[in-house]
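Here is a guided walk through a structure, taken one region at a time. Have the viewer open as you read.

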Amino acid sequence: MTPPDYAELHCLSNFSFQRGASHAEELVARAQALGYRALAITDECSLAGIVRAKKAAEEAGLALIVGSEFRLEDGLRLVLLAPDRAAYGDLAELITLGRRSAPKGEYRLTRTDVAQRSGRLLALWLADDAAGASDGHWLAACFPERAWIAVELLQQAGDRERLHDLLALGRLCGLPCVASGDVHMHLRSRRMLQDVLTAIRLGKPVAQCGLALFPNGERHLRSRMALSRLYPAELLAETVRIAERCHFSLKELRYEYPAELVPAGLSASAHLRSLTEAGLHRRYPAGVPATVWQQAHTELALVAELEYEHFFLTVHDTVQYARSQHILCQGRGSAANSVICYALHITEVNPAESKMLFGRFISKERNEPPDIDVDFEHERREEVIQYLYRKYGRDRTAIAATVISYRRKSALRDVGRALGFDEEQLAALSDTLVWWDRSSDLPLRLVEAGFDPDSHLVQLLLKLVKQLLGFPRHLSQHVGGFVFSRGPLARLVPLENTAMAERTQIQWDKDDLDHMSLLKVDVLALGMLSALRRAFELVAWRRGQPFAMSDIPREDPKVYEMMSHADTIGVFQIESRAQMSMLPRLRPSKFYELVIEIALVRPGPIQGGMVHPYLKRKNGEEDITYPSKAVEGVLSRTLGVPIFQEQVMELAIVAADYTPGEADQLRRSMAAWARSGKLELHREKLITGMLKNGYEQDFAERIFAQIQGFSEYGFPESHSASFALLAYASAWLKRYEHAAFTCALINSQPMGFYSPSQLIQDAQRHEVEIRPIDVQLSQWDCTLEPRDGLQPAIRLGLRLVRRLGKAAAERVLAQRPPQGYASLAELQRRAGLDRRSLNALADADALHALSGNRRQARWQAGGLLEGDDLGQAEEGAELVALPALREGEEVVEDYQSTGLTLRAHPVSLLRAELRAQRLLSAAEILACQDGQPARACGIVVGRQRPGTSSGVTFVTLEDETGNVNVIVWADLAERQRRELIGSSLLAVYGVVQREGEVVHLLAMRLSDRSDRLGSLSVSSRDFH
Amino acid sequence: MNEAAERLGVQIGQRRSTAQALAAGLRLARRQPTQEAALLGSLAAWAMQFTPTVCLDPPAGLLLEVEGSLAYFKGLPRLCRLVDEGLAEMQLSVRRAQAPTPLAASWFALTGLRPNTPAQWQPALQRLPLQRLPWPQEWREAMRTLGLRRLGELLALPRAGLGRRFGPQLSQLLDRAQGLQADPRTPFVPPDHFERSLELAWPCEQVEALGFVLKRLLGELAVFLLGRGLGVQQLELELAHEGQPASTLLLGFGRPTRSAEGMLAIGRERLARLALPAPVEAIRLKADILHRLDGEALDLFGHASSQADFSLLLARLSARLGQDAVRQLGCAPEHRPEKAWQVTPPGAKPPTLAFAERPSWLLAEPLPLAVRDDRPWYGEPLTLLDRADRIETGWWDGSSTARDYYRAEGPSGRRYWLFQQRSDFAWYLHGLYA
């Protein structure tokens, strides 16, 4: 007997958070395997998972129905399905309404809400045992000829009666019945996970969930044969009839750009052309080079053909606004490095100097919008966002979503709780996990936390954690991806509230938007831009004339010289330890080499093994060869080594016969590889393609390995070029305007890799004078104070004083007489300082001009505060016999109150003692020979375990002479975990590794010397 | 914190996560301030044998005003020895100091920095480290930031300036410690009954192990009684269980006693005969009536008026038959039939749950059924009346269930409740309909 046709019309994916126990991909694949005619994904008041389902359904060739499940305020439950585009709009609007009327994560809908949008949708009534005919009549009236009773027979006692009752109810209300499965998982075997999700939702252990759990695992995609034994044939046939009525496909969504950017009477295309041409004339006042003019028009033609004008116009408008407000910004992304973007001032990368071709990055085959991210000064991005809301209105503007998924810690905690593990034990386990631990370490960490890895429950825990990993938990807002539309956005995709009031987000994330070809403009925040703008202002002040990015001389050899010595603390992108250890080897000497440097020293290329071949070729130690002319065309600019994402795509095209569209698939797979494992699919295709074209197996394998390395971390050339501009600009500032540069970096904190303390030490090593915080002289920000003929000195600002509020500081500044405060009492009175602020200033030694040392300042401050309004306060200068501060104490208090000191480095105070133990300084380590045994001791200022380094931890030690870079291998790290994690002052016994200017200390033994620091607390910054 | 933890680098004041990262097997226990206070009370009662004026100096101090007792105890050295011996017997580690003012004595004891001779108490006072005095964190922090380390440095500062910065309380304390100002204290008045409870670190399943805990409580009782010359004739011991009512034991002694050993012997015997309904989580020891050791009770029970109601009946039944013998049946929220019912103590209110037609008689163990002609057989061929009621659950507690339940009927008209195991398709009888 052939099983009957069936379409599942009620199925939740795991985007019904804490309910659905399968990914949409799994559901689609299973429905396909079971020969279903169609599958509806009906997540509860959500379309967040629908794009994933669409992709999977398209790949599988299964008909997908878009729908959603609801529970109304009065308890009525129903599934709504979208038969066509208009109904889809109603559905999205209804979801938006429900979501927007409730706090984040919840929804609230009434019958009236549904009735107002019931004109086109199909409704399945999820009638419970208590259902009455009045509900049925209401449905039948709202959804004439479009409502059914869903009969869900789930192998529970009374199924037969239920079927009978529902059929009777249907006759009574004039509603036909249809079979459906209340599907929560693709396979029965997911029921454990489903129970766990229920427990997580209810916030108690599974064992206490009782009847809230489903009694059995029937809520999976059941075989048609099994269904045929349960349901009358008519009910199954009805599913197919409903499915056939649903001909809506998400492909029909036509996105329309906002209209207001084009002046009336002008076509978008003509408008963009005139803006571009005007821009070019501004860019090239001496005359636009013919090639550039030519290129611009090629690009414009392509843009016009693909109708992307609005995208460029939107970005242009946003950037235009920022420029009008003097907010520094810069675009990047594949389309950013085009002549158009250069002309529109979206980017500063001069395409005439770059080797990229725009046509490569928006291709006709790809049906997706070009990609431009715009970075803004991090402190002023909000102004830009508010502008966008004003310009497009709240119903047409929203932020993209980010799907927050289960990671190891969260999965472990939630499953652990559900299985009834002791909170204390789970906390112990969670604490034992460090971010750099690998998944495979989990059993080991379990043992450490006192779990028995062989026990049944722990086995269950591991198994369920593994299943739960990667499940979506909730939606959050994207860092800056804005979506605009011509009409109301809510008819395109549902909107919901975010944690921030006044912000709304759509239910789709970045990948969904890409797939649906929705315009997204990334309005991102970049700390370096804030710092650059500040530095330009300081330079302008010092030089007495305006100073902007364009005033920075290009290709200054001294700037490259500085980079080549890895003297790059604070320089954008090339300040990381990995970059600093590579700079002296790569020695960039022109802009394009800097572009390569930035892209090369990243996890992708490092993992793909590109670094060393490139290095050898650059230094002439290896011949530059190409397996073919075609490959040479792609790789010659990077000496035959693929470094950029674009090159990988091009290689696939020229060597393995990929179409540009397929190459783009490959790029996407690279990005999503770790998640989906899809890259493996490309392996076969790439390698056979290359073999067919006469490439060696070895070459093909190597290319594939490199592509694999790119996954997740590959850097596009265009991004790298934009970053290189900022890197060059910041390096130039560091080389020629170090004081302004450091001052601007500190004033833009938090940002970058280095703390103010480290930045200041670096500046001091470059002979910049740093002056202490002084309540008589400091501003809120750090400022420059002129010195004749020298780099100006930096006066530290009140912003560095911990526990001092900005408002109090501003009163201090506003009330300060030109000649300064006469006494502490005057300061306190005029600025109206409370105990906390006054103590904060005393702690930071900012009152030294008024009171001598910080102890006297505190004593005097204490006397002022308890005085009453009648000026009965103690007369200021009562000097009492307080013990004097030793230098070490001053240093400790400096760190505690401001995070830095201008006095002796704490390690220098211990130097005699350290020397007696033959512990060397950073400067001495730097002078050691390769292979020489050596020992060093310093404050731990960084601990890093990059994903690429197979378990190596990099530790940075700081002393008064500089930094020591320590390498700790995995086995030592495991053996001396306590010293590694717990030390603030660490002694390392090891061997020096030297390669040219790059010196590391390879650790053999670690020794915690933190007790020597006394109460000095210098917190390490762990960088990911 | 023990030595092993210290060796691994665990420190007081460390964050829990850091401590646990250092010592994976670290066991954390909460402090129990109520018990600490109770113990202090017991010790105060005990100390009354040395002087009528004992003052509590919480959280962990006792002040004994011994001036008047010195003659009776034949001098300070002997008195101190007696105190030390008594404390040693209780296996308590104690720091003791004496000084002319209660504050100074308390601070010396607290810091362990006693003067070498009583006459040198004032220089010793000057040397006391400020950070170790039982003062508000805020004060100590302020003193630290002023660079003040020892009490002498503080005393050297102008008193008015100190008052302005730390308030009048500090001045008062300093004056009292130096004996410049009187320091009146409220003497301890011992309670007229004894009640202590102890939470166990781990639920205890064996009565033998409870003996040790009981020993500790009885020791404390004995200390309490000793100081006041009292004894007890009856004790109530209450064992608390999680999710179960407590078990209560009455320990009676032939005559009033305060011998810890004697009470323990009887207690142990009673415990040994006790069957624990569940692991014990806490123990409470109560002595309401305290006797002078000549046998006279200090207090008497009042007679509560009796109510002839159901709860009294229950109470009486429980008293006669033992508490375990009186029970009530109810539903439990569980899908597995064998766990869908529960026995509760009388008077509890289990949920009322509607399960589809299930039999009221459930077999203690499902009975395997033979199959004849493809049909389950129980003395007669059984016909299934229903579709399967499928139960698949319970995977988390080791009794994972995957069964299809059916109502069935035999030619006799008897109705049965069967299930077929989904793993091996074997049939079982699980219940009978009335």
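This is a predicted model: local features need pLDDT of at least 70, side-chain atom pairs count only at pLDDT 80 or more; totals for chains, interfaces and linings use all residues.

Let's start on the inside. The largest nonpolar core has 251 residues, and those with the most contacts inside it are A:Leu39, A:Trp125, A:Ala652 and A:Ala727. The biggest contribution to this core comes from helix 32 of chain A (residues 717–736), which gives 11 residues. For a closer look, click on A:Trp125: leaving aside residues up to four places away in sequence, its contacts include A:Leu78, A:Trp148 and A:Leu175. There is also a second, separate core of 56 residues, and B:Ala45, B:Ala222, B:Val223 and B:Ile283 are among its members. As a rule, nonpolar side chains in soluble globular proteins tend to be buried together.

Which of its residues are buried? They are A:Leu235, A:Leu236, A:Glu238, A:Thr239, A:Ile242 and A:Ala243. Looking down the axis of helix 9 of chain A, you'd find these buried residues within an arc of 150°, so they line one face of the helix. On the other side of helix 9 of chain A, A:Ala233 and A:Glu234 are exposed.

Helix 15 of chain A (residues 381–392) can be read in a similar way. Its 12 residues should span 16 Å at 1.5 Å a residue, and the end C-alpha atoms are 17 Å apart, which agrees. The buried residues of helix 15 of chain A are A:Arg381, A:Val384 and A:Tyr392. Down the axis of helix 15 of chain A they fall within an arc of 60°, so they too line one face. What covers the buried residues of helix 15 of chain A includes helix 12 (309–324) and strand 10 (397–405) of chain A. Over on the other side of helix 15 of chain A, A:Glu382, A:Gln386 and A:Arg390 are exposed. After helix 15 of chain A comes A:Gly393, with a positive phi near 85°.

On to the strands. In chain A, three strands form an open sheet in the order 15-17-16, with mixed pairing. Strand 15 (770–771) and strand 16 (783–785) of chain A are at the edges with a single partner strand each, so one side of each is left without a neighbour in the sheet. Strand 15 of chain A runs parallel to strand 17 of chain A (residues 793–795), and two bridges join them. A:Ile770 has A:Ile794 as its bridge partner in strand 17 of chain A.

Further along chain A, strand 18 (residues 933–944) and strand 21 (residues 985–995) pair in the antiparallel sense over seven bridges. One of the paired positions is A:Arg935, whose bridge partner in strand 21 of chain A is A:Tyr989. Strand 21 of chain A also pairs with strand 22 of chain A (residues 998–1008), again antiparallel, over 10 bridges. These two strands of chain A form a hairpin with two residues between them, where A:Gly996 takes a positive phi near 60°.

A few backbone spots deserve a click. Most residues other than glycine have a negative phi, and most peptide bonds are trans. Where do cis bonds turn up? One joins A:Gln749 and A:Pro750, with omega about 0°, and A:Pro750 sits in the loop between helix 33 (738–747) and helix 34 (756–765) of chain A. Another joins B:Pro58 and B:Pro59, with omega about 5°.

A:Glu767 has a positive phi near 60°, and A:Asp845 has a positive phi near 60°. Is A:Glu767 buried or exposed? With 10 C-beta neighbours inside 10 Å, A:Glu767 counts as exposed. A:Asp845 has 26 such neighbours inside 10 Å, so A:Asp845 counts as buried.

Finally, the contact between the chains takes 42 residues from chain A and 37 residues from chain B. Helix 2 (16–22), helix 9 (159–166) and strand 14 (389–393) of chain B each supply at least two residues of chain B's side. That side of chain B divides into 15 nonpolar, 11 polar and 11 charged residues.

Technical notes:
Residues are numbered from 1 along each chain as its sequence is written. Chains are lettered from A and ligands numbered from 1 in the order in which they are written. Helices (H or I, at least four residues) and strands (E, at least two) are DSSP runs, numbered from the N terminus. The expected span of a helix is 1.5 Å times one less than its number of residues. A residue is buried if 20 or more other C-beta atoms lie within 10 Å of its own, exposed if 12 or fewer, and partly exposed in between; C-beta atoms are placed from the backbone. The arc is that of the directions from the helix axis to the C-beta atoms. Two residues are in contact if their C-beta atoms, placed from the backbone, lie within 7 Å. Ala, Val, Leu, Ile, Met, Phe, Trp, Tyr, Cys and Pro count as nonpolar, Asp, Glu, Lys and Arg as charged, and the others, Gly among them, as polar. Two strands pair if DSSP finds at least two bridges between them. A nonpolar core is a set of buried Ala, Val, Leu, Ile, Met, Phe, Trp, Tyr and Cys residues joined through C-beta atoms within 7 Å.
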